[in-house]
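Here is a report on one structure. Please keep the sequence and the 3D view open while reading.

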Amino acid sequence: MDIRLGNGFDVHAFGPGDHVILCGVKIPHDQGLVGHSDADVALHTITDAIYGALAEGDIGQHFPPSDPQWKGVASDVFLKHAVALARDMGFDISNVDCTLICEFPKIGPHAQKMRGRVADIMGLDPVRVSVKATTSERLGFTGRGEGIACIATAALVKP
């Protein structure tokens, strides 16, 4: 049996807007997130965790931000690509654990919907997806409300 773990990390700054998209869910907020795609920091991080477990680089190698075709694209496109690549390489995704780091917006009221959306995108049972959040105790750029950071781990198994 081949068991692989991958980690992902990403950050996006706040900018103009009236919502953020996290885990594919639109959440009302007095700012948006800045990025080449839809700036879904959570889906980017989970995508990178899968690529990491596969030793297949990172999201920027598969979807270069310099390529205009990815401008404004919904990030589920990237995650679906990583999941398909894992399956093409003979791996099942055992589970994903995602932690958003931000002072706001508050994640708790949206966590179950986010978890369900990630599971849907990945074709997993929701019991295999964890979405949670923490603050940075008002320290650093997330603590000052300048953006959101995210970490994720993915476990892949090949029988």
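The model is predicted. Its open sheet has 5 strands, ordered E4-E1-E7-E5-E6, with mixed pairing. The edge positions belong to strand E4 (32–33) and strand E6 (129–134). Each has a single partner strand, so one side of each lacks a neighbour in the sheet.

## Strand pairings

Strand E1 (residues 2–15) pairs with E4 in the antiparallel sense, over 2 bridges. Gly 15 is set opposite Gly 32 in E4. E1 also pairs with E7, again antiparallel, over 12 bridges. There, Ile 3 faces Val 157 of E7 as its opposite residue.

E5 and E7 form an antiparallel pair over 9 bridges. Asp 92 stands opposite Val 157 in E7.

Which strands does helix H1 touch? Helix H1 (residues 41–54) packs on the sheet and touches E1, E4, strand E5 (92–101) and strand E7 (147–158). The direction of H1 makes about 150 degrees with that of E1.

H4 lies across E5 and E6. H4 runs at about 140 degrees to E6.

## The H3–H4 pair

Two packed helices are described by an angle between axes and a distance between axes. For helix H3 (residues 76–88) and helix H4 (residues 111–122), the angle is about 50 degrees and the axes are 9 Å apart. An angle between 35 and 65 degrees counts as oblique, so H3 and H4 are oblique to each other.

The H3 side of the contact consists of Asp 76, Leu 79, Lys 80, Val 83 and Arg 87. These meet Arg 117, Ile 121 and Met 122 in H4. By class, the contact residues are 4 nonpolar, 4 charged and no polar.

## Thr 45 in H1

Thr 45 is part of helix H1. Is Thr 45 buried or exposed? Its relative accessible area is 0%. Buried means under 20%, so Thr 45 is buried.

The side chain of Thr 45 reaches the backbone oxygen of Val 41 at 2.7 Å. Leaving out residues up to four places away in sequence, Thr 45 touches Gly 8, Phe 9, Asp 10, Cys 150, Ile 151 and Ala 152.

Notes: Residues numbered from 1 in each chain as written. Predicted model: local features only at pLDDT ≥ 70, side-chain atom pairs only at ≥ 80, totals over all residues. Heavy atoms only, no water. Axes fitted to C-alpha atoms, helices over the stretch in contact; angles between N-to-C directions. Helix = DSSP H or I, 4+ residues; strand = E, 2+ residues; numbered from the N terminus. Parallel < 35°, antiparallel > 145°, perpendicular 65-115°, else oblique. Contact = heavy atoms within 4.5 Å. Nonpolar A, V, L, I, M, F, W, Y, C, P; charged D, E, K, R; others polar. Pairing = 2+ DSSP bridges. Buried < 20%, exposed > 50% of the residue type's maximum accessible area, 1.4 Å probe, protein only. Polar contact = N/O pair within 3.5 Å; in protein donor to acceptor, adjacent residues only side chain to side chain.
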